[in-house]
Amino acid sequence: MPSVDQQEREHFGQKVRLAIERIEGASEPVKDKAMPLDEHSIRQRLKTLSQDITSHHADLLELLVRFDDLQGWKTSGARHCVDWMNLEIGVGTQLGREYLRVERKLRTLPTLRALFRAGELSWSKVRLISRVADADTERTLCHAALDASVSGVKRLCAGYRWKEDINGSMSQRRADAAVLMAETSLQSAGRDIAIADRYQVIVSVDASELSAADTTVTAVVAGSDISTPSKRASVKGASPIARETARRLACDCSLPINTTANGEPVDIGRKSRIWPSAMARAIRERAQHCVWPGCTQSNHLHIHHLRHWADGGAASVLNGVSVCSAHHTLVHEGGYTIQRVEGNSQRLHEQFEQQQHTADISQFDVEKDLRNDKESFNAVRTLSPECYRFRVIDAQGQDIKAP
Ligand SMILES: [Zn+2]
Ligand SMILES: [Zn+2]
C-alpha cells in the first residue's frame, strides 16, 4: 500500500478537478458549462458533479478539524466548534458533530481518506465505513464499497462483526436489532403467505404460450396438419393478458395457472412451480433483499426463476432469486434478464479484471492499487457474494452496471 503523505493528499482534490475538466471537455464542447439538457449529458454531469462535491466535502471536513484543533472558533465567542458551524456555515449541530467524528477517525484510515478526497467514496459511504473500519479492515471495506450502493455498504457494515464496533455501545444496539429482525421476519413470513394467496387468481394459458422458445405461437389441431394460433393467456373473468405478464405471474405463485393445449387442460397447478416455503426462505435469506443493483426492498419479495419453469427451469435454490415486485415486473415485461454470474472464481476474477481495464481516467492510484489486489477482491467477494452472483442485462444485451 502506498503511503499517502501530506503533499499527495493536497494534490488529490486538484487532480480530481483536473480529471473532471478533461472528461467534461471531451463530452461537452460548450465552455461556459451551460446546464446540459439531454438525458445522457445530465447523467454524466450528475456523476462528475457528485464526485466534485464529494472531493470538496473532504476538504471541508479536513479544514473543520484543523480549525477545531486551532480553536479558531473561540474568537467569535462560540463554546464549541459545533456551535460555530451552526452559526457561521449553516451546519446543524448533529451533522457538525458527525463531521468532526468522521474526520478525526479518517486520520487513522489513509485509504478511506484518500478515496474520499478523490471523490470515489461519497460522504454517505464514508460515514458508514468510518464507524466500523480500523487499520486492518479499512482496505477490504473500501474495496467492497467502490462498486456497492450506499445501502449495500450499510448492509456490509451492519452485517459483520467488525472489530471496531464489538466493544462499546454498538453491541447492545446489535442485540436489539437482532431481536427486531427476528420479529420482523416472523411477521413477514406471515405476510408472504398472504402475498401468495393474493396471486391465486386463475390464469388460463396455452402451454406453448408460456415457453420462451416459442415466439410464433401455433398449435397443431389434433389429427390434421393445420396450425392455428394458440389462445391468448387470460385471467378468468377478465381480459386477455400479455404473454410476459402470464410468465411473471407463473414465476412465483402457488396455484396460478391452468395450462391448456388445444383448449384441453393439461396441467392444473403443477406442484413443481410452487416454491416450497423452506426453499423460498433460503433464497430470500441468501440475499435478504431484492438482488437488482441498488434496490433496497427487503419485504414482499418474489422468487424469480432464472430459467422459467415453462422452459424447463427447476424450482431449486440455484434457479431462484429474490426480487421485489417492481423489478420482477421489469424483468418479465421490461426486457431485462437476470443472469447468474459464472461461479468459477478464476473466470470471475478475469471478468473483474476486464472491468478494471475499461475504467476511465478518473481512477486514482489508491483505487487502482485496491482494484488490482486479487486477495482483496477475494475478501470482498466473500463478504458481499450477492454483488457478484447475479447481473442484470437490458434489452440491448448490456450489463446495466457497465460503465
Ligand atoms: Zn419471474
Ligand atoms: Zn427491486
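Reply: Happy to! First, a term: pLDDT is the predictor's confidence in each residue, from 0 to 100. You need it here, as this is a predicted model.

Me: OK, what is the mean pLDDT of the protein chain?

Reply: The mean is 75, with 60% of the residues at 70 or more.

Me: Which residues stay under 50?

Reply: Residues 193-201 are one such stretch, and the model gives them 10 contacts beyond four places in sequence. Residues 268-273 are also below 50, with 7 contacts beyond near neighbours in sequence. Where pLDDT is low, the coordinates should not be read in detail.

Me: Good to know. New topic: how many helices and strands does the chain have?

Reply: The protein chain has 17 helices and 10 strands. Of its 403 residues, 28% count as buried.

Me: And helix H7, why is it described as largely enclosed?

Reply: Because 8 of the 9 residues in H7 (residues 138-146) are buried, the rest of the structure largely encloses this helix. Among the buried ones are Glu138, Arg139 and His143.

Me: Which helices do those buried residues pack against?

Reply: The buried residues of H7 pack against H5 (110-117), H6 (123-132), H8 (150-159), H15 (365-371) and H16 (374-383).

Me: Last one, alanine 278: buried or exposed?

Reply: Alanine 278 counts as exposed, because it has 9 C-beta neighbours inside 10 Å and the cut-off for exposed is 12 or fewer. Alanine 278 sits in helix H12 (residues 277-287).

Me: How far is it from valine 317?

Reply: Alanine 278 and valine 317 are 9.9 Å apart, C-alpha to C-alpha, and 39 residues apart in sequence.

Notes
Residues numbered from 1 in each chain as written. Chains lettered and ligands numbered in written order. Predicted model: local features only at pLDDT ≥ 70, side-chain atom pairs only at ≥ 80, totals over all residues. Helix = DSSP H or I, 4+ residues; strand = E, 2+ residues; numbered from the N terminus. Buried ≥ 20, exposed ≤ 12 C-beta atoms within 10 Å, placed from the backbone. Contact = placed C-beta atoms within 7 Å.
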